[in-house]
Amino acid sequence: MDGDTSKECSLLNSLVEIDGSVGEGGGEILRNCVAYSSTLSRPIKVLNIRAGRPKPGLRPQHLQGILLARDICDAEVSGCCENSTQVQYNPGSLKGGQFLADTKTAGSVTLLLQTVLPCMLFASGRCSVTLKGGTNADMAPQVDFVLLVLKPVLEKFSISFHVDVITRGYFPKGGGEITVHADPVQEIQPIKITDRGRLVSIYGRCFVAGVLPLKIAHEMKSVLMQMFKKASISSELEVNIEAVKESQAFGNGCGIQLVASSDTGCLFSGSALGNRNLTNHDVASKAFEELMVSIRNSNCCVDKYLQDQLIIFMALAKGKSEIRCGPLTSHTKTAIEIAEKMTGVRFEVVQLQNATEFNISCHGLGLKNLALS
């Protein structure tokens, strides 16, 4: 690690108590704490887990995330059972290998990935994890977001991982499966994403699965193309939207994932999932409006769905990282609070002249993978 060695040593092996009711008060606190604990070998006790949710405590997906991280780093865990509001986690050494987590529900596999990806990067060898649950779930990033937005952006940190979508799974049954492969890194490189550049293209997918006919995907695509045309976007940018029927899926589902890209590599997203109470027009409108919100501010480089997911990698990276975004979400504010408490790194948030633009920066911890030294 870089910086004050004595300060870093004092962090390691000292148990940290985290109040799970702070900030957004949801599962993000637990996911981040377990990831930091595993990578920094720092024991944690998380209290009041998901106190800000209608059903507090561990749900199956949170439980499986903890157990998966436990397996990767040989941790000792107490209080890890469904509905528990307190967990103590004492990490061991991160190791490579093949691992499995199965929510047995429609719980999001992408939220499981948020917990374990940092662990995989600092393991002693290559990790392959199989994650089972919902691949396209409400209140969580769709797996398509991971593939089309998160993965390319994390590559700017010199982070490389591969995702195989084996089976799509939807609410209420889940049944989806992805496999994620990652080689360990010696250290994470810092990023600077502050130059928006010029938007050059919009792409994405309208999908259906199960008994739902392909014509639904084509209808959603048609509505989107009309909206892009009305907004004069299709005449200014290259627009390429696929209409697809998922060949490998468990259950019925439909939805949209959109991405806008700039000539400097910035990526912005908009998405929506269908249900029996929404028309095809409703689903298309929601995805369109989300994308428009993401790109409306001409200087922002990171949208509100991505900003909080970059904080942990900025905190662990070697050197100064900086991103430019819109107003900070509650998830991002919470992620920064947890990062500072777990690592000692200090984040700076600067409001720019335009009241809707902010720069988030920090000098990362510079965590090294000692197994690769």
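Let's start with a strand pair. Strand β6, residues 127-133, and β8 pair in the antiparallel sense over 7 bridges. Cysteine 127 has alanine 182 in β8 as its bridge partner. Keep in mind that this is a predicted model.

Stay with β8. On its other pairing, β7 and β8 run antiparallel, joined by 6 bridges. Valine 165 stands opposite isoleucine 178 in β8. Is β8 mostly covered or mostly open? Mostly covered: 6 of its 7 residues are buried.

Which residue joins proline 172 through a cis peptide bond? Phenylalanine 171 does, and omega is about 10°.

Next, aromatic pairs. How many does the structure hold? There are 3. Take tyrosine 170 with phenylalanine 207. Their ring centres are 6.3 Å apart and their planes meet at 20°, so the pair counts as stacked. Tyrosine 170 belongs to the loop between β7 and β8, while phenylalanine 207 is in strand β10, so the pair ties together parts that are 37 residues apart in sequence. Tyrosine 170 has a relative accessible area of 4%, so it is buried. Phenylalanine 207 is buried too, at 0%.

On to the cores. The largest nonpolar core has 113 residues. Which members touch the most other members? Ile72, Leu131, Phe161, Ile188, Phe228, Leu310 and Phe347. Helix α4, residues 109-121, gives the most to this core, with 8 residues. There is also a second, separate core of 5 residues, which includes Tyr170, Phe207, Ala209 and Val244. As a general point, nonpolar side chains in soluble globular proteins tend to be buried together.

Let me pick out leucine 310. Leaving out residues up to four places away in sequence, leucine 310 touches Val153, Leu154, Phe157, Ile191, Val302 and Ile323.

Back to helix α4. How many of its 13 residues are buried? The count is 12. Among them are Val109, Leu113, Val116, Cys119 and Leu121. Now the length. The 13 residues of α4 should span 18 Å at 1.5 Å a residue, and the end C-alpha atoms are 18 Å apart, so the two agree. Where is the kink in α4? At threonine 115, about 40°, shortly before proline 118.

Compare that with another helix, α7, residues 280-296. Helix α7 has 17 residues. From its first C-alpha to its last, α7 reaches 24 Å, close to the 24 Å expected at 1.5 Å a residue. Which residues of α7 are buried? Val283, Ala284, Ser285, Ala287, Phe288, Glu290, Leu291, Met292, Ser294 and Ile295. In general, an α-helix has 3.6 residues a turn, so residues three or four places apart point the same way. What covers the buried residues of α7? The cover includes β10 (199-209), α6 (214-230), β13 (253-262) and β14 (267-273).

One contact ties in here. Isoleucine 202 is in strand β10. Its relative accessibility is 0%, so isoleucine 202 counts as buried. Not counting residues up to four places away in sequence, isoleucine 202 touches several residues, including Phe228, Ile233, Val259 and Leu291. And Leu291 is one of the buried residues of α7. Isoleucine 202 and serine 269 are 67 residues apart in sequence, yet 9.5 Å apart in space, C-alpha to C-alpha.

Asparagine 83 is not a glycine, but has a positive phi of about 75°. Asparagine 83 is in the loop between β3 (76-78) and β4 (87-90). Buried, exposed or partly exposed, for asparagine 83? Partly exposed, with a relative accessible area of 47%. Serine 232 is not a glycine either, and its positive phi is about 60°. Look for serine 232 in the loop between α6 and β11 (238-245). At 36% relative accessibility, serine 232 also counts as partly exposed.

Key:
Residues are numbered from 1 along each chain as its sequence is written. This is a predicted model: local features need pLDDT of at least 70, side-chain atom pairs count only at pLDDT 80 or more; totals for chains, interfaces and linings use all residues. Side-chain values use heavy atoms; hydrogens and water are left out. A nonpolar core is a set of buried Ala, Val, Leu, Ile, Met, Phe, Trp, Tyr and Cys residues joined through side-chain atoms within 4.5 Å. Buried means under 20% relative accessible area, exposed over 50%, partly exposed in between (1.4 Å probe, protein chains only). Helices (H or I, at least four residues) and strands (E, at least two) are DSSP runs, numbered from the N terminus. Contact means heavy atoms within 4.5 Å. The expected span of a helix is 1.5 Å times one less than its number of residues. Rings of Phe, Tyr and Trp (its six-membered ring) pair if their centres lie within 6.5 Å; planes under 30 degrees apart count as stacked, over 60 as edge-to-face and the rest as tilted. The bend at a residue is the angle between axes fitted to the seven residues ending there and the seven starting there. Two strands pair if DSSP finds at least two bridges between them.
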